[in-house]
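Have a look at the structure first, and then we will take the terms one by one.

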Amino acid sequence: MTMHRVSVDAMIEDLRTLVEIESPSRDHDALAASAKTVAAVIESRLGGHAVLVESEAGPHVHWSGGGEPKVLILGHHDTVFPLGTLARRPFKVEDGHATGPGVFDMLGGLVQAIHGLAAIEDRTGVEILVTADEEVGSRSSRELIEERALACGAVLVFEGAADGGGLKTGRKGCGTFQVSIAGRASHAGLEPAAGVNALIEAAHQVLDIAALGRPEIGTTVTPTVAAAGTLDNVVPAEATVVVDVRVETAEEKERIEGAFAALTPHLDEARITVEGGVGRPPMPESASAELFAVARRLVPGVEGKAVGGGSDGNFTAALGVPTLDGLGAVGGGAHADHEYLVVDAMAERAHLVAGLVKAMQNK
């Protein structure tokens, strides 16, 4: 196949450009600036026109190489870091690592994908979709993601690599539940029995909820945030418990959602309401098998790993569209101050993109 070498210096230049436009989720103005910058980088390296798709979460960026759609390159440009992080932790490259907010999750992956495509002369059948709300659940982008995935028939997700540079061949479904408990306030000293203690009810519920986990089959149910009470001499009238859930199968998703819906109070007159669900369905390893086999031919020995975190690849895999994840930056520290990207791995990852895309074009 006709393929040009990629320039690591040019990739670093584009990575600096993207990192230095901060893009925290839910900040519409910042995301608008980020989307324009992503579009400009795509157009400068690939030509054509990158369309900004407006949404309530911020602009998504969509580019097409024309022709019959065959492969979707999927990523996001929002990050978890608030405005001002860049001043404290500016972009820099030293000792073989690039650091700065978003380098690993997932601006480095976007850059590698764009430069990998730039190494191919024929880009027909290729689409790029870079969304603005992946870090906060992809509510505004899910429909567009699913539409383009079904149209293309194969999805390459440029989230950061698994440990050691492995590809992500499976992901757990994940979601958040909020359990709200209504009791009745009373004076804790004068008439505690006249109240209905929402904190005691919450304690019962936390134990019931934690018991739903089945870690031996990959289901984790983890209460993470709780709040109750107003003053130290008042029986709490309200309490909330937030719960993180991860599942490996659709059956477990249904079981967990049913169990939360069936939660019942232990105290007379306490009331429970539940919001949330497993918003990202599991990505079974079967969804990645075909694409991972191609990747193994291109990079012999590359590992495939099933991981606990979710991505937009969960949505595409659930539709039955072949999906391979973890194609982005080699590095680590996602969502943390020590986030980093391994510069020496950038060229190989970009060439892997090119090889996978050519394989999909020739199917």
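Q: What do buried, partly exposed and exposed mean here?
A: Buried stands for under 20% relative accessible area, exposed for over 50%, and partly exposed for what lies in between (1.4 Å probe, protein chains only). The model is a predicted one, where local features need pLDDT of at least 70, side-chain atom pairs count only at pLDDT 80 or more, and totals for chains, interfaces and linings use all residues. Residues are numbered from 1 along each chain as its sequence is written, and side-chain values use heavy atoms, with hydrogens and water left out.

Q: Why is aspartate 95 called exposed?
A: Its relative accessibility is 76%, and exposed begins over 50%, so aspartate 95 counts as exposed. Aspartate 95 lies in the loop between strand 4 (92-94) and strand 5 (97-99); helices (H or I, at least four residues) and strands (E, at least two) are DSSP runs, numbered from the N terminus. Phi of aspartate 95 is near 55 degrees, a positive value in a residue other than glycine.

Q: What makes glutamate 269 exposed?
A: Glutamate 269 has a relative accessible area of 53%, so it is exposed. Glutamate 269 sits in the loop between helix 7 and strand 12, and its phi is positive, about 75 degrees, although it is not a glycine.

Q: Why is histidine 266 given the label partly exposed?
A: The relative accessible area of histidine 266 is 42%, so the label is partly exposed. Histidine 266 is also found in the loop between helix 7 and strand 12. Leaving aside neighbours within four places in sequence, histidine 266 is in contact (heavy atoms within 4.5 Å) with Glu201, His204, Gln205 and Asp208.

Q: How do you know whether valine 126 is buried or exposed?
A: Valine 126 has a relative accessible area of 1%, so it is buried. Valine 126 is placed in strand 6 (residues 126-131). Not counting residues up to four places away in sequence, valine 126 touches several residues, including Trp63, Leu117 and Val357.

Q: And threonine 169, buried or exposed?
A: With a relative accessible area of 4%, threonine 169 is therefore buried. Threonine 169 belongs to strand 8 (residues 167-171). Among the residues that threonine 169 touches, not counting those up to four places away in sequence, are Met283, Phe292 and Leu324.

Q: What makes phenylalanine 177 and phenylalanine 260 a stacked aromatic pair?
A: Rings of Phe, Tyr and Trp (its six-membered ring) pair if their centres lie within 6.5 Å; planes under 30 degrees apart count as stacked, over 60 as edge-to-face and the rest as tilted. By this rule the count is one aromatic pair. Phenylalanine 177 and phenylalanine 260 are 3.9 Å apart centre to centre, with 5 degrees between the planes, and form a stacked pair. Phenylalanine 177 lies in strand 9 (residues 173-182) and phenylalanine 260 in helix 7 (residues 250-261), so the pair ties together parts that are 83 residues apart in sequence. Both phenylalanine 177 and phenylalanine 260 are buried.

Q: How do you know that the charged end of arginine 89 sits over the ring of phenylalanine 81?
A: A charge sits over a ring if NZ of Lys or CZ of Arg is within 6 Å of the ring centre and within 35 degrees of the ring normal. The charged end of arginine 89 is 4.9 Å from the centre of the phenylalanine 81 ring and sits over it.

Q: Why are helix 1 and helix 10 called roughly perpendicular?
A: Axes are lines fitted to C-alpha atoms, for helices over the stretch in contact, and angles run from 0 to 180 degrees between N-to-C directions. Angles under 35 degrees count as roughly parallel, over 145 as roughly antiparallel, 65 to 115 as roughly perpendicular and the rest as oblique. Helix 1 (residues 8-19) and helix 10 (residues 346-361) pack at about 90 degrees, their axes 10 Å apart. The two helices, helix 1 and helix 10, are therefore roughly perpendicular to each other. The contact is made by Val8, Met11 and Ile12 of helix 1 and Met346, Ala347 and Ala350 of helix 10.
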